[in-house]
Amino acid sequence: MSEKNITHYHMDKMVKYLFIFVFLISASVLGYHYNNQSGCNIVVFETEAQNFTVKEAIIFNDKTIDAEKWQWDFGDNTSSFQKNPAHYFEKPGSYDVQLIVNGKCTAIQTVQINEAIKIVDSTKFPVFNLPESIRAGEKLVLNDETENASAWEWRFGESPNVDDNNKIASYVYKEPGLYTIKLVVNNEYDYISKKKIKVLEPEKGVSILDQELPSAKPIKNWNVKDYPIGYNPNGDDDKPEDVKPMTAPNITDKNFSRMLIQVSNGTKTALDFKMYFCGDINKTVVVNKSTMSFSVLCQKIANKNIKIKSLELDKQKGTNCIENVSLIYKRTIF
């Protein structure tokens with residue numbers, strides 16, 4: 001009987017300790033919760049405006065009552081522990097600014113940062129005169145007339161590179177087209193003068209394809225009559241037969257394209273097309289939206305690998321002579 005009483009007393013003591021332990025834990029949790037929830041006033045902070053620009057100083061003013069400690073997170077990986085910090089942003093965008101007061105009360109506001117507005121001084125743009133057009137192969141000379149200029153960067157548009165670094169610049173265009181000439185002086189890249197120039201086809205050279213046959217020497221006057229005796233050019237008798245117009249054999253766009261590829265491979269020349277143009281291989285054609293003669297086109301693509309994207313032939317009705325060619329092609333490496 002005595003042993004049972006001892007065991008029962010021991011169990012009651014353990015239960016008592018357990019209740020004391022649970023009570024202490026609960027009291028600690030409630031105390032921590034109360035300490036963090038009580039006395040948390042509404043956090044209020046403001047700025048002087050709603051929108052700002054990059055690198056503009058922004059003053060954040062905290063208006064929270066009974067605030068003693070501040071922790072600012074500006075949303076751009078920067079922070080501050082001042083009450084009213086001044087901050088500026090490096091990049092445009094929307095930023096969520098967070099303020100933690102007394103280590104427990106929080107507020108978040110979004111500020112909008114815009115690109116800085118640049119004030120342009122029109123007097124700082126470089127000054128130079130430019131002709132309306134020039135031919136490929138001709139030398140273009142330009143003179144900068146900007147006051148107090150000491151450094152120059154001329155770009156003539158055929159490549160992104162700087163083409164000349166002198167006050168008086170010169171350049172020779174290799175290909176016809178519409179180009180934009182850019183000038184920067186004194187390394188002020190916010191002030192770039194841009195002007196367009198049209199580069200025309202070069203003057204016809206003395207290539208074999210463009211040469212004309214030498215004219216025959218004039219025959220001495222041997223008093224030869226213009227017409228045979230008895231022939232009346234205005235009469236109705238013995239009328240000369242009508243001269244038939246020259247005709248051309250038919251060729252499809254596909255076969256014409258194959259022949260152009262052979263020109264680019266060096267196995268054909270413009271002369272191989274003479275019959276299809278009824279003898280005139282200097283007909284004007286449209287190539288990649290530029291105009292040139294067909295013979296010049298063949299010179300440009302000779303021994304250069306090309307890929308034809310589209311081709312259309314315009315033929316004269318009745319004679320089948322090619323009057324125009326519309327071609328779009330591009331250079332290939334292999």
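**Entry 1: the sheet**

I began with strand β5 (residues 70-73) and strand β8 (residues 93-101), which are joined by four bridges and run antiparallel. The model I am reading is a predicted one. I looked up W70 and found its bridge partner in β8 to be V101.

Next I asked in what order the strands of the open sheet come. I read β2-β9-β8-β5-β6, five strands with mixed pairing. I then noted the edges: β2 (51-53) and β6 (79-80) each pair on one side only.

I wanted both senses of pairing on the page. Strands of a sheet pair through backbone hydrogen bonds, either parallel or antiparallel. For the parallel case I took β2 and strand β9 (residues 105-114), joined by three bridges. There, T53 has N114 in β9 as its bridge partner.

For another antiparallel case I took β8 and β9, which pair over nine bridges. I found I100 opposite T106 in β9.

**Entry 2: the cysteines**

How many disulfides does a search of the whole structure find? I got one. C278 and C321 are the cysteines joined, with S to S at 1.6 Å. I computed the torsion about their S-S bond as about -75 degrees, so I logged the disulfide as left-handed.

Which parts does the pair tie together? I placed C278 in the loop between α2 (253-264) and β16 (284-287). I placed C321 in the loop between β18 (306-315) and β19 (322-331). The pair therefore ties together parts that are 43 residues apart in sequence.

Are C278 and C321 buried or exposed? I have both down as buried. I looked up C298 too. Its relative accessibility is 3%, and buried means under 20%, so C298 counts as buried.

**Entry 3: nonpolar surface**

Which residues make the nonpolar patch of about 450 Å²? I listed Y17, I20, F23 and L24.

I located F23 in helix α1 (residues 2-37). Its relative accessibility is 58%, and the cut-off for exposed is over 50%, so I recorded F23 as exposed.

Terms used. Residues are numbered from 1 along each chain as its sequence is written. This is a predicted model: local features need pLDDT of at least 70, side-chain atom pairs count only at pLDDT 80 or more; totals for chains, interfaces and linings use all residues. Side-chain values use heavy atoms; hydrogens and water are left out. A disulfide is a pair of cysteine sulfur atoms within 2.5 Å. Helices (H or I, at least four residues) and strands (E, at least two) are DSSP runs, numbered from the N terminus. Buried means under 20% relative accessible area, exposed over 50%, partly exposed in between (1.4 Å probe, protein chains only). Two strands pair if DSSP finds at least two bridges between them. Patches are made of residues with over 30% relative accessible area and no salt bridge: like charges are joined within 9 Å, nonpolar side chains (Val, Leu, Ile, Met, Phe, Trp, Tyr) within 5 Å. Accessible areas come from the Shrake-Rupley method with a 1.4 Å probe; for residues, only the protein chains shown count as cover. A salt bridge is a side-chain nitrogen of Lys or Arg within 4 Å of a carboxyl oxygen of Asp or Glu.
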